[in-house]
Each structure stands twice: as structure tokens, then as C-alpha cells.
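Have a look at the sequence and the model, then read on.

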Amino acid sequence: MSAFDKNTQALVTQFGSDALAQRLLTTRIGVHTSDSRLSARLLGDVLADCIARLWPNIDFCGVWADRQLQTAESAVLSGSAPGTGLKVAWADSYDVVLQIGDERPPASAPLILRVAADGWMAYLGPEGHCSDEGNPVGPAFAAAIASAQVFRHVFRSELADIEPEAIDKLAFDVRQICGTPLAAAEELDLDGTVFMGTGAVTHALLWLLENWPKKATGAIDLVDPDPYGSSNGQRYAFMRPFAGKAMKVSALAERLRLAHPSLTVKPCDQDLNTYCQERGYALPIVRAVTGLDSPEARRQAALKLPQRTINLWTDEHRCGGSRFAPDGDAACLACEYVEDVTAAMDETAEFQLETGLQPQEVRQLLDASGHLTPEQAATVARHRGVPVEKLLDMPLRSVRPVLCASATVQVGADTPPADVPFAFSSLLAGVAGFMMLLSDLRVPQGSVGWNQHVFKAPSKFMHSPRYMRAGCACCSLVYADAAGVNG
Ligand SMILES: [Zn+2]
């Protein structure tokens with residue numbers, strides 16, 4: 001079997017769609033870097049990591065080519081995808097070329113997109129330059145938007161319904177976009193922060209913390225009972241390759257300790273209830289960071305009554321970040337996820353819609369924590385266009401993360417739609433969450449939310465204050481009372 005056939009087979013298994021695999025395999029991407037400064041290096045790192053999780057054929061050329069290849073290979077290994085099409089090389093023509101620096105790449109391509117970043121600033125198109133700034137925020141935001149543009153360019157006819165925008169010129173300050181004008185590149189005292197869930201979006205947030213150029217201090221807890229799974233690497237920005245039953249919290253704790261020796265990181269491989277029980281309710285959670293995979297899990301987290309919460313999420317073509325400092329007026333996390341009683345969508349109905357299973361099957365699986373039978377796995381796989389191997393013998397609640405941070409794309413009229421993992425969505429949500437965290441460290445009051453369509457140009461009007469909602473049990477019973485609003 002030729003290398004091309006092997007790659008095709010691996011991609012078909014990964015995505016469950018022959019047409020999608022062919023499209024990914026026949027797309028050639030070039031990354032050309034002519035800027036040797038620090039923010040160009042960071043930008044190249046994030047870009048290489050983000051695009052290699054989806055695209056199998058990438059040539060790297062220029063000052064950081066070897067480093068970018070290494071980053072891309074690590075990304076590919078973590079997702080058990082084919083990596084034979086990644087090279088330090090250059091050719092005459094590509095489908096997409098990403099240009100870092102001012103030198104025009106010597107190649108023809110239908111899309112040549114220049115990307116730059118400098119501190120909080122992110123640029124697409126002719127404006128802006130990289131610099132010796134070590135702030136990873138601008139580079140990460142610019143890389144995520146550029147990666148989304150690569151996807152938009154190649155799949156523009158498939159995405160036509162959602163009217164994606166071709167962004168050829170953009171310059172913005174991430175602080176302004178996320179509505180966090182006071183965020184500063186300073187030392188971070190993270191004491192008392194509890195990270196609830198360490199999946200795709202939290203991986204992105206923690207990469208920013210790992211690469212933060214200033215000192216981080218304090219004691220933080222990472223709470224997540226799950227080990228890495230074989231499909232995580234397709235969606236988790238900066239996930240590293242793992243061997244055996246590697247726990248997410250342990251791997252992340254080790255990376256953070258290395259990057260910030262003054263930070264005390266406690267990995268807790270347990271579910272949230274067990275964690276809170278052991279911690280004791282007498283010791284309130286000062287700041288929670290919730291990167292969880294369903295509204296129900298977020299409602300559960302809200303019921304732990306953290307004093308403040310940073311929330312980050314992805315949902316099909318949208319992603320976002322918010323922060324909550326409830327005081328009887330400003331919203332809490334639960335206000336954002338108040339169950340819509342008029343829609344009567346309980347957890348069973350949500351799962352039924354997402355998986356295509358019968359309500360009684362869903363209820364049984366949820367109540368008894370049972371695992372999917374081969375027939376049930378086949379039903380979900382057909383319903384969502386994911387390979388059945390990814391779902392076999394899984395508990396139903398673990399199925400959701402497999403379907404998270406991805407969107408359904410139909411390639412070819414007579415093929416079933418496939419779920420495509422969007423590492424750039426998780427990355428964008430991670431940046432937003434990190435900005436909300438910085439903002440909370442500076443001004444721990446008020447509640448604000450931000451969201452972004454990943455295929456549209458960021459605008460500074462997508463953030464807004466969040467106010468307490470009348471139907472929220474946490475606010476009416478606890479936060480308003482504590483603030484003395486109820487008398
Ligand atoms: Zn509330």
C-alpha cells in the first residue's frame with residue numbers, strides 16, 4: 001500500500017467520510033516565515049500546532065521552519081493522525097500560503113494570507129508587524145482566525161449556508177475585542193483558582209498561561225477525572241503525545257510547574273462532586289474556570305457556588321468566554337444556563353437530539369452510567385457522521401466530548417455529513433477565557449460575556465454585560481442574599 005493510500009485510510013477512519021478525507025489530503029498548505037522576532041516565533045508555533053491537527057500536507061519554509069515542523073509533528077502524534085505530509089520544503093504552487101513577515105512567499109496560491117501579531121494586537125492582511133513582545137495573546141488570536149480562514153477557503157461552498165466571510169484585512173486589539181480593556185501583561189497571582197474540566201478549551205487557555213512571559217504564583221487545582229483519548233489530539237490545541245493511560249490533569253500540571261516554578265499546581269483526577277466533597281463546603285471556591293462539555297455540566301459547576309467564574313465554550317460555529325462575579329445584580333454562571341422551561345428540553349431530550357438514540361435508551365444509559373452497546377454506538381455514529389470506533393463501549397456522558405468543538409460539514413452531495421474537529425474554535429475560546437481571567441484578576445466585579453462566529457470578522461460589539469436572571473436559583477437564594485439585596 002502506498003503512503004498516500006495509508007494516509008487516506010487513516011483519515012477516513014478518523015473522520016468517517018471518504019470525501020472529506022480526500023479533500024484534506026489533496027489540499028496543500030505552505031507556511032512561509034521571514035520574521036525572526038519573538039512574536040513571529042510564537043505566532044508560527046500556534047499556527048503550526050493548530051493547522052497540523054486537521055491538514056495532513058504542510059510545507060514549512062523560512063526562519064522558524066524546523067521548529068514549526070517539530071510542533072506540527074507533535075500535534076499530529078497526539079491525535080494519532082498521519083504525519084508523513086509534513087515537511088521542511090517549498091514548492092511553486094499551493095492551495096493556501098500563510099505568510100509570517102514581510103517577504104512575499106515565492107509561490108502561487110489562490111489564497112496567500114499574511115498574518116502578524118504584536119503583544120495584544122492581531123493582524124490579517126498587509127497591516128501590522130511582529131515584534132520582540134513575548135505576550136502570547138495576539139499571536140494565539142491571530143493564528144486561530146487565520147486557521148479558520150484556511151478552512152473557510154477550502155470548504156467555502158460547503159459552508160455557504162452560514163455565509164462565512166473572507167477576511168483579507170484586519171487589525172485589532174484583543175483587549176478591545178473581548179471587552180477586557182484593563183488586562184495587563186503583568187505578574188499573575190492565581191491563588192485559589194479551580195479549573196473545572198481540562199478539555200480542549202482549557203488546554204488552549206493553559207497554553208497561554210504556560211507561555212505567559214511574567215511570573216505566575218499561587219495555588220491552583222486542576223479537576224478532571226478523564227485520561228486522554230485517541231481523538232482528543234484533533235481538537236486540543238497544544239496537547240502533547242501521550243502513552244498509556246495518561247491523565248490530563250497530571251500532564252498539564254507538569255507543564256505548568258516547569259513553566260512557572262512559583263505556581264503550586266494540584267492535579268485532581270476526580271469528578272467535581274468528589275472534589276468538592278473532599279475539599280469541604282466550608283472552604284468556598286474563590287475563582288472557578290469552567291471548560292466543560294455541556295450546559296448540564298456547567299449548571300452542576302454553578303451549583304458549587306464559586307464566588308467568581310470564568311466560563312469558556314464552543315458550539316458548532318460559535319465560541320466564547322465570559323466572567324461572572326455575582327452580587328445580586330450581576331449574573332452568575334447559572335444565569336447563563338437557566339433551563340428554558342418553555343422549551344422543556346431536559347437532559348434526556350438534549351442527548352436524544354444529539355445522539356439519535358431513543359429517550360428510554362438515553363435515560364437508562366444516564367441513570368446506570370452504562371456503556372454504549374455496539375448497536376447504540378452505530379446509531380450515534382450514523383446520526384453524527386463520526387466513525388463508530390470512537391464511540392464503542394463508551395459511557396454516554398463521554399460521548400459528548402467526542403462531538404464537542406466540531407461542526408458538521410457535508411462534502412459531496414451523496415455522502416453523509418461528517419463531524420469536523422475545529423482546533424481553532426477551542427483555541428479562540430481559550431484566548432477569550434484567558435482574557436476574562438486577566439480581567440477578573442484586575443477588577444473582580446461585574447459580569448460580562450463575549451462570543452464569536454469563527455468564520456466571521458471579530459468585532460468589538462460582541463461583548464455585553466450579563467445581569468442576574470429571575471429564574472436563577474443560585475442568584476435568588478445565595479448571591480443576592482449574601483449581598484444583602486433581599487433585606
Ligand atoms: Zn444566577
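## A phenylalanine in a loop

Let's begin with F455, which sits in the loop between β17 (448–453) and β18 (463–465). Keep in mind that this is a predicted model. Is F455 buried or exposed? F455 counts as buried because it has 24 C-beta neighbours inside 10 Å, and 20 or more is what it takes to be called buried.

Q149 is 306 residues away from F455 along the chain, yet the two are 6.8 Å apart in space, C-alpha to C-alpha. Setting aside residues up to four places away in sequence, F455 touches A148, R152, L159, I162, P164, E165 and H317.

Time to step back. The protein is split into domain 1 (3–177) and domain 2 (188–458 + 466–487), and their C-alpha centres lie 26 Å apart. The contact takes 44 residues from domain 1 and 40 residues from domain 2.

On the side of domain 1 that touches domain 2, the elements giving two or more residues are α1 (3–15), α2 (18–26), α3, α4 (65–78), α5, β7 and α6 (174–177). Which of them gives the most? That's α5, with eight residues. Sorted by type, the residues on this side of domain 1 come to 25 nonpolar, 11 polar and eight charged.

## The seven-stranded sheet

Now for an open sheet of seven strands, in the order β3-β2-β1-β4-β5-β6-β7, with mixed pairing. At its edges are β3 (86–88) and β7 (170–173), each pairing on one side only. Ignoring direction, neighbouring strands of this sheet are turned by 15° against each other on average.

Zoom in on one pair: β2 (residues 58–62) and β3 run parallel and are joined by three bridges, with I58 standing opposite L86 in β3. Helix α3 (residues 38–52) packs on the sheet, where it touches β1 (29–33), β2, β3, β4 (96–100) and β5 (111–118). The direction of α3 makes about 170° with that of β1. Helix α5 (residues 137–154) packs on the sheet too, touching β1, β4, β5 and β6 (121–124), and its direction makes about 165° with that of β5.

Another strand to look at is β9 (residues 193–196), which is covered on both faces. T193 and F195 lie on one side, V194 and M196 on the other, and all four are buried.

β9 runs parallel to β12 (residues 287–290), and four bridges join them; here M196 stands opposite T290 in β12. β9 also pairs with β10 (residues 216–223), again in the parallel sense, over three bridges, and V194 stands opposite D221 in β10.

## A leucine in a helix

Last stop: L365, which belongs to helix α13 (residues 359–367).

Leaving out its neighbours within four places in sequence, L365 is in contact with G370 and L396. As for T348, it is 17 residues from L365 in sequence and 10.0 Å from it in space, C-alpha to C-alpha.

Terms used: Residues are numbered from 1 along each chain as its sequence is written. This is a predicted model: local features need pLDDT of at least 70, side-chain atom pairs count only at pLDDT 80 or more; totals for chains, interfaces and linings use all residues. A residue is buried if 20 or more other C-beta atoms lie within 10 Å of its own, exposed if 12 or fewer, and partly exposed in between; C-beta atoms are placed from the backbone. Two strands pair if DSSP finds at least two bridges between them. Axes are lines fitted to C-alpha atoms, for helices over the stretch in contact, and angles run from 0 to 180 degrees between N-to-C directions. Two residues are in contact if their C-beta atoms, placed from the backbone, lie within 7 Å. Domain bounds come from an automatic or database domain assignment. Ala, Val, Leu, Ile, Met, Phe, Trp, Tyr, Cys and Pro count as nonpolar, Asp, Glu, Lys and Arg as charged, and the others, Gly among them, as polar.
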